[in-house]
Amino acid sequence: MCHQSVGLIQRAIEYASITTVSISLLREITEKIRPPRALFVARPLGYPLGEPDNPNLQTRIMRAAFALLPRTDVPVLENF
């Protein structure tokens, strides 16, 4: 899904008092959109959780993303 669309959707969902977090593969786009909470993962497009059959990496990425949920100092863009 388009990084810009995700950021705009996140804002709409957050406006309804639902906390969101996204995983970004294009930092420069995410910096411009400024979604409430995003985790930048330096992976190729199409592989936000890393390569297939790597559950350890996938778990680490998901935990890092979930760790952003309690943050209230938005917008937050963290590096993985």
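Leaving aside neighbours within four places in sequence, which residues is L25 in contact with? Select L25 and look around: H3, F40, V41, R43, P44, L45, G46, Y47 and P48. Contact means heavy atoms within 4.5 Å.

A word on the model. It is predicted, so local features need pLDDT of at least 70 and side-chain atom pairs count only at pLDDT 80 or more, while totals for chains, interfaces and linings use all residues. Residues are numbered from 1 along each chain as its sequence is written, and side-chain values use heavy atoms, with hydrogens and water left out.

**Stop 1: the sheet.** Strands here are DSSP E runs of at least two residues, and helices are H or I runs of at least four, numbered from the N terminus. Show the open sheet: three strands, order 1-2-3, with parallel pairing. Strands pair if DSSP finds at least two bridges between them. Strand 1 and strand 3 (76-79) are at the edges with a single partner strand each, so one side of each has no neighbour in the sheet. Now zoom in on strands 1 and 2, joined by three bridges. Here S24 stands opposite F40 in strand 2.

**Stop 2: helix 3.** Select L57, I61 and A65, which are buried (under 20% relative accessible area; exposed is over 50%, partly exposed in between, with a 1.4 Å probe and protein chains only). Their cover includes strand 1 (22-24) and strand 2 (37-40). Turn to the other side of helix 3: P55, N56, R60 and R63 are exposed.

**Stop 3: the core.** Select L25, L39, V41, L57, I61, A65, L68 and V76, the largest nonpolar core. Such a core is a set of buried Ala, Val, Leu, Ile, Met, Phe, Trp, Tyr and Cys residues joined through side-chain atoms within 4.5 Å. Helix 3 (residues 55-66) gives the largest share, three residues.
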